[in-house]
Amino acid sequence: MNKQVMKRAAAVLTCIVLFTIAQVSAQSKAIDQSNLNGQDLNAITTAVPFLTIAPDSRAGAMGDIGCATSADANSQSYNPAKYVFSDNQFGFSLSYSPWLRQLVNDINLLYLSGYWRITDMDAIGASLRYFSLGDIEFMDENGQLVSTQNPNEFAIDFTYSRKLIDQLSIAITPRFIYSNLTAGQFVGGEETKAGLAGAADISLFYEQDFDVKAFENSTLRAGLCISNMGNKMSYSFGTLRRDFLPTNLKLGLGYEMNFDGYNKLTLNGELNKLLVPTNPIYAIDSATGRIIYDAAGNPVIAAGMDPDVSVPQGMIQSFYDAPGGFKEEMREIMWALGAEYSYRDIFFVRLGYFHESQYKGNRQFLSVGAGIKYSVFGFDVSYLVATKQYHPLANTLRFSLNFDFVSANKNEIKQQGRWN
């Protein structure tokens, strides 16, 4: 076995071990009252988690914040309602993020997005997100090589955004999701298939001049987005098990301070919560150490609520179903802070921090980055430093290329009332 295969095997084994520990912990502590106070690991898992990765370097440098920042070509991933507030008529961006770079060199996320501001009131956009897991060798039960495949996932979406009033806009974003993790292999004697799903986002964005005594021409922004509302996903033909998509609620707030027309500083904050049922705590037979089942064959829940519900019910239930009660519900809220300094809108420096409870995944990291913009061309880079457990993007550079274009006849458009 060569070094590359060993590294990949180590990565996969690590993921399996961590997942197993989480499940065993949740089950073996089923009747421990300390767990009812949210003191044990109980992370929420979903299908296609690649949809939750911040794909571009600007947001990646600010703690994955993007719901209430100023509009750019990558707004599709965070809050496409921002597009109608863009200073440009159209633009596009290409981003590259290596994944697990410390272990392997062929897992990566590519993101292509673009928009067209049709009028002062309307804009359209689209994006393609592609996640490649690199070359993976599939073995049979005897350890013999069956085939080498390149599992991958992608999502393609479109958006239409429109201003409701001069300061407020709305966007609707339908999305198609494809997830091929096993390339049709048999797993546990069961034939697998690619997962397919349809989903949609709805988002709101508010932008208003908000001058204070020390800063003129400053701006207040706020955003709300509910993303990935869609059907559950299945990866096999012979099972009824279907997993929730990572439906997510974002709330963001930002304030841009213009010091002197050349120097600007933007401060941003954001809250995130998965609108997915929390894993309950199942009752355990003290004699056998196994989960107790009722007469109908369903596992008995000691705390929490049944997660096998419809998508709408799961979204509503996610606010009150944690087995640890209100304390655990609060742990499910992720938060982030970010800052961006710009000089003449040419040179940018960014800093951010992201926090997730240690009981819900423990993603905690600092991020930094820089950017430069000249004419229609922009280039951004970001770097992530994990402050707790290992992060797949730790000590990794991410890159984005941006192109924004102002209409050649902008003055004519402005006179016709189709531009700010």
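Buried here means under 20% relative accessible area, exposed means over 50%, and partly exposed lies in between, with a 1.4 Å probe and protein chains only.

**View 1. Overview of the protein chain.** By that definition, buried residues make up 47% of the 420 residues in the protein chain. The model is a predicted one, in which local features need pLDDT of at least 70 and side-chain atom pairs count only at pLDDT 80 or more, whereas totals for chains, interfaces and linings use all residues. Residues are numbered from 1 along each chain as its sequence is written, and side-chain values use heavy atoms, with hydrogens and water left out. The protein chain has five helices and 20 strands, taken as DSSP runs numbered from the N terminus (helices are H or I with at least four residues, strands are E with at least two). Of the contacts between residues at least 6 apart in sequence, 60% join residues at least 24 apart, a contact being heavy atoms within 4.5 Å. The protein chain exposes about 20300 Å², and carbon and sulfur atoms supply 61% of that area, as computed by the Shrake-Rupley method with a 1.4 Å probe, where for residues only the protein chains shown count as cover.

**View 2. The nonpolar surface patch.** Phe 92, Leu 94, Leu 112, Leu 128, Ile 156, Phe 158, Phe 176, Leu 196, Phe 377 and Leu 401 make a nonpolar surface patch of about 830 Å². Patches consist of residues with over 30% relative accessible area and no salt bridge, where nonpolar side chains (Val, Leu, Ile, Met, Phe, Trp, Tyr) are joined within 5 Å and like charges within 9 Å. At least two residues of the patch come from each of strand E1 (90–98) and strand E6 (152–165). Phe 176 belongs to strand E7 (residues 168–180) and counts as partly exposed because its relative accessibility is 37%.

**View 3. Aromatic pairs.** Rings of Phe, Tyr and Trp (its six-membered ring) pair if their centres lie within 6.5 Å, and planes under 30 degrees apart count as stacked, over 60 as edge-to-face and the rest as tilted. By this rule the count comes to 14 aromatic pairs. One of them is the stacked pair of Phe 92 and Phe 403, at 4.9 Å centre to centre and 25° between the planes. Phe 92 lies in strand E1 and Phe 403 in strand E20 (residues 397–405), so this pair ties together parts that are 311 residues apart in sequence. Phe 92 is partly exposed at a relative accessible area of 37%, and Phe 403 is partly exposed at 23%. The rings of Trp 99 and Phe 131 have centres 6.0 Å apart and planes at 85°, so they form an edge-to-face pair. This pair links distant parts of the chain, with Trp 99 in the loop between E1 and strand E2 (108–117) and Phe 131 in strand E3 (residues 122–132), 32 residues apart. Trp 99 and Phe 131 are both buried, and together with Phe 50 they form one aromatic cluster.

View 4. Asn 42, in the loop between helix H1 (3–28) and helix H2 (57–61), counts as buried because its relative accessibility is 4%. Its side chain is joined to that of Glu 328 by a polar contact of 2.9 Å; such a contact is a pair of N or O atoms within 3.5 Å, where within protein one must be able to donate a hydrogen and the other to accept it, and residues adjacent in sequence count only if both atoms are side-chain atoms. Not counting residues up to four places away in sequence, Asn 42 touches residues including Thr 278, Tyr 359 and Lys 360. Lys 360 forms a salt bridge with Glu 328, the closest N and O atoms being 2.7 Å apart, where a salt bridge is a side-chain nitrogen of Lys or Arg within 4 Å of a carboxyl oxygen of Asp or Glu. Lys 360 and Glu 328 are both buried.

**View 5. Lys 232 in its loop.** Lys 232 is found in the loop between strand E11 (219–230) and strand E12 (248–258), and is buried, with a relative accessible area of 13%. A polar atom of the Lys 232 side chain lies 2.5 Å from the backbone oxygen of Val 309. Leaving aside neighbours within four places in sequence, the contacts of Lys 232 include Asp 243, Phe 244 and Asp 308.
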